[in-house]
Amino acid sequence: MSLFPKHLLEGYRTFTSQRLPTEQSRYRELSERGQAPEVMVIGCCDSRVSPEVIFDAGPGELFVVRNVANLVPVYQPDGGAHGVSAALEYAVRALHVKHIVVLGHAQCGGIRAFIDNTAPLSPGDFIGRWMSMFVKPGEKVGQREHETMADFTVRIEKAAVFRSLENLMTFPFVQAAVARGELHLHGAYFGVAEGSLFVLDPAAKEFHSVREEVGE
């Protein structure tokens with residue numbers, strides 16, 4: 001126990017003394033009847049981008065899956081181990097979520113490693129292999145003429161959201177639920193420095209500021 005991070009224990013004590021008393025009945029209810037979230041969020045494992053914090057969600061409200069660069073692989077039932085696909089299957093077929101939000105963000109390390117073509121962190125190169133699914137066979141991703149590196153990075157960070165939404169539709173059970181109007185797919189992008197949120201307009205294929213929409 002002495003090696004367990006002290007700040008986590010302190011955080012737990014704060015949780016039990018402040019938040020838990022106000023939500024104890026909610027936790028008991030969830031333990032008895034199980035979870036029934038309406039929203040699944042596919043986000044990045046970056047420690048600065050917590051969906052529960054960003055959306056001020058309480059226990060049981062969000063079904064969250066986080067990975068490097070918030071990527072969704074294509075449907076590939078090949079007998080391999082597919083964590084994101086397994087979570088997606090459970091969310092759609094067992095929990096019957098009504099919404100899936102792919103949440104991208106600024107300063108994404110996975111995206112930066114991808115566009116910088118940095119050296120592998122290990123001989124196994126797990127990150128490089130994971131990020132390779134971002135690009136389709138034969139597709140080239142490069143900086144445009146007169147495009148700054150900052151603009152290029154943001155463009156690719158947002159492109160990862162588009163690609164994940166596209167890959168979601170390769171899953172037959174997602175396709176079917178969307179066709180029936182039982183499931184809706186959404187894209188969002190979080191600006192870490194300002195705490196800003198942008199939501200994808202699928203018709204215009206552009207991200208719009210939530211603050212501007214609510215007139216703040």
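Colleague: Helices (H or I, at least four residues) and strands (E, at least two) are DSSP runs, numbered from the N terminus. Which strand is Ser196 in?

Modeller: Ser196 sits in strand E5. This is a predicted model, where local features need pLDDT of at least 70 and side-chain atom pairs count only at pLDDT 80 or more, while totals for chains, interfaces and linings use all residues. Residues are numbered from 1 along each chain as its sequence is written, and side-chain values use heavy atoms, with hydrogens and water left out.

Colleague: Is Ser196 buried or exposed?

Modeller: Ser196 counts as buried, because its relative accessibility is 9%; buried means under 20%, exposed over 50%, and partly exposed in between, with a 1.4 Å probe and protein chains only.

Colleague: What does Ser196 touch?

Modeller: Leaving out residues up to four places away in sequence, Ser196 touches Tyr189, Phe190, Gly191 and Arg211. Contact here is heavy atoms within 4.5 Å.

Colleague: Back up a bit. What is the strand order in the sheet?

Modeller: The order is E2-E1-E3-E4-E5-E6, an open sheet of six strands with mixed pairing. Two strands pair if DSSP finds at least two bridges between them.

Colleague: Why is one side of E2 and of E6 left without a neighbour?

Modeller: Strand E2 (62–67) and strand E6 (206–209) stand at the edges and have a single partner strand each, so there is no neighbour in the sheet on one side of each.

Colleague: How many bridges join E1 and E2?

Modeller: Six bridges, with strand E1 (residues 39–44) and E2 running in the parallel sense. Gly43, for example, has Arg66 in E2 as its bridge partner.

Colleague: Which strands does H6 lie across?

Modeller: Helix H6 (residues 149–168) lies across E1, strand E3 (99–105), strand E4 (184–191), strand E5 (196–201) and E6.

Colleague: I have Ser164 marked. Where is Ser164?

Modeller: Ser164 belongs to helix H6. With a relative accessible area of 1%, Ser164 is buried.

Colleague: And what is Ser164 in contact with?

Modeller: Setting aside neighbours within four places in sequence, Ser164 contacts Asn70, Leu71, Val72 and Val102. Gly104 is 60 residues from Ser164 along the chain, and their C-alpha atoms are separated by 9.9 Å.

Colleague: Gly11 next. Which helix is Gly11 in?

Modeller: Gly11 is in helix H1 (residues 6–33). The relative accessible area of Gly11 is 36%, which makes it partly exposed.

Colleague: Pockets, then. What volume does the largest one have?

Modeller: About 340 Å³. A pocket is an open set of points on a 1 Å grid over the protein atoms alone, with protein on both sides within 12 Å along at least five of seven lines, and lining residues have an atom within 4 Å of a point. Points are joined across faces, edges and corners, and the volume is the space filled by probe spheres set on them.

Colleague: How many residues line the largest pocket?

Modeller: The lining has 18 residues, with Pro73, Val74, Gln76, Trp130 and Met133 nearest the centre. Helix H3 (83–94), helix H5 (126–131) and H6 give two or more residues each to this lining.

Colleague: Which residues are closest to the centre of the second largest pocket?

Modeller: Ala113, Thr118, Asp125, Ile127 and Gly128, out of 17 lining residues. The volume of the second largest pocket is about 300 Å³. Helix H4 (109–116) and H5 each supply at least two residues of that lining.

Methods:
Axes fitted to C-alpha atoms, helices over the stretch in contact; angles between N-to-C directions. 1 Å grid on protein atoms, 1.4 Å probe; cavity = no way out; pocket = protein on both sides within 12 Å on 5 of 7 lines; lining within 4 Å.
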